[in-house]
Amino acid sequence: MKRFTVTVMIDRPKGYQDKYGNVYPISYGFVPGVVAGDGEGQDVYILTRGTAPDKTFTGEIIAVVLRSDDVEDKWVIADAGSSWTVGEITQAIAFIEQYFDSKVVLLESIR
């Protein structure tokens with residue numbers, strides 16, 4: 001399956017602390033020009049085995065985080081050609097997703 005490449009604007013770099021006290025162990029951002037269910041830019045979790053980006057990141061969409069109790073879903077992008085399991089992704093995003101009823105769906109599993 002072909003993966004789509006996107007460039008993310010990072011508004012919450014690794015180490016960012018939000019107003020609720022959550023510290024981001026990975027970078028997080030949005031895709032400009034792609035509108036999500038909340039009317040804002042599509043939110044994206046960024047997974048990389050290299051140095052965490054702090055301004056922008058270009059990578060491949062590898063999964064979608066489906067939320068049954070929110071107005072939007074999240075995308076997961078990673079370094080081109082990299083492989084991540086559902087378990088690895090779930091663990092990496094648990095710092096926020098623990099507050100939602102969500103599940104990770106790998107794009108490879110969507111046919």
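**Exercise 1. The nonpolar cores**

Task: Which residues of the largest nonpolar core touch the most other members?

Solution. Start with the term. A nonpolar core is a set of buried Ala, Val, Leu, Ile, Met, Phe, Trp, Tyr and Cys residues joined through side-chain atoms within 4.5 Å. Buried means under 20% relative accessible area, exposed means over 50%, and partly exposed lies in between (1.4 Å probe, protein chains only).

Step 1. The largest nonpolar core has 18 residues, and Y45, L47, I62, A63, V76, I89 and I93 touch the most other members.

Step 2. Look at the elements. At least two residues each come from β3, β4, β5, α1 (86-97) and β6 (102-106). Helices (H or I, at least four residues) and strands (E, at least two) are DSSP runs, numbered from the N terminus.

Step 3. α1 gives the most to this core, with 5 residues.

Step 4. Another core lies apart from it, with 12 residues, including V6, I10, I61 and W75.

Step 5. In soluble globular proteins, nonpolar side chains tend to be buried together.

A note on the model: it is predicted, local features need pLDDT of at least 70, side-chain atom pairs count only at pLDDT 80 or more, and totals for chains, interfaces and linings use all residues. Residues are numbered from 1 along each chain as its sequence is written, and side-chain values use heavy atoms, with hydrogens and water left out.

**Exercise 2. The contacts of I89**

Task: Which residues does I89 touch, not counting residues up to four places away in sequence?

Solution. Contact means heavy atoms within 4.5 Å.

Step 1. Leave out residues up to four places away in sequence; I89 then touches L47, I62, A63, V76, W84, V104 and L106.

Step 2. Compare with the core. I89 is one of the core residues that touch the most other members, and L47, I62, A63 and V76 are also among them.

**Exercise 3. Strand β4**

Task: In which sense does β4 pair with β1, parallel or antiparallel?

Solution. 

Step 1. β1 and β4 pair in the antiparallel sense over 5 bridges. The bridge partner of V6 in β4 is G59.

Step 2. β4 and β6 also run antiparallel, joined by 5 bridges. In β6, S102 is the bridge partner of R67.

Step 3. 9 of the 12 residues of β4 are buried, so β4 is largely enclosed by the rest of the structure.

**Exercise 4. The largest pocket**

Task: Which element gives the most to the lining of the largest pocket?

Solution. On a 1 Å grid over the protein atoms alone, a pocket is an open set of points where a 1.4 Å probe fits, with protein on both sides within 12 Å along at least five of seven lines; lining residues have an atom within 4 Å of a point.

Step 1. The largest pocket has a volume of about 370 Å³, which is the space filled by probe spheres set on the points.

Step 2. Of its 22 lining residues, R12, Y24, Y28, D43 and K74 are the closest to its centre.

Step 3. β1 (5-12), β2 (28-35) and β3 (41-47) give two or more residues to the lining. β3 gives the most, with 3 residues.

Step 4. Look at D43. It is found in strand β3. D43 is buried, with a relative accessible area of 11%.

Technical notes: Pairing = 2+ DSSP bridges.
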